Amino acid sequence: MDQQLYLKYLKEYTLEALKKVEYDVSRAADYLEKKPTPIYFQKDRKEKKAALNRVKKVFSASRERSLYVVLKSLGFNDLAKDAL
């Protein structure tokens, strides 16, 4: 698996979910649960699937936590500072 692509998709899925629900962690978790996994013949399927699963797991486990904690859990320290 390509780590660079994985991190790219991790950030992409995180920002997409947060922008769709106006930066509410609980609603972002609901949004991600409804998001389908990448289809079989899609480009970079392995990285996208791993990134989506990671984002779903962190958001669903952190529904009651602040956006700062969720972003730090995903390793986005620069975005977490902006969330303060």
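Start with the whole chain: among contacts (heavy atoms within 4.5 Å) between residues at least 6 apart in sequence, 56% join residues at least 24 apart. Keep in mind that this is a predicted model, where local features need pLDDT of at least 70, side-chain atom pairs count only at pLDDT 80 or more, and totals for chains, interfaces and linings use all residues. Residues are numbered from 1 along each chain as its sequence is written, and side-chain values use heavy atoms, leaving out hydrogens and water.

Now switch to cartoon view. You'll find 5 helices and 0 strands; helices are DSSP runs of H or I with at least four residues, strands are E runs with at least two, and both are numbered from the N terminus.

Next, select Glu16 and Lys35. Their side chains meet in a salt bridge, 3.1 Å from N to O; the term means a side-chain nitrogen of Lys or Arg within 4 Å of a carboxyl oxygen of Asp or Glu. Glu16 sits in helix H1 (residues 3-20), while Lys35 is in the loop between helix H2 (25-34) and helix H3 (45-61), 19 residues apart.

Then pick Arg63 and Asp30. They form a salt bridge too, with the closest N and O atoms 2.8 Å apart. Arg63 lies in the loop between H3 and helix H4 (67-74) and Asp30 in helix H2, so the pair ties together parts 33 residues apart in sequence. The whole structure has 2 salt bridges.
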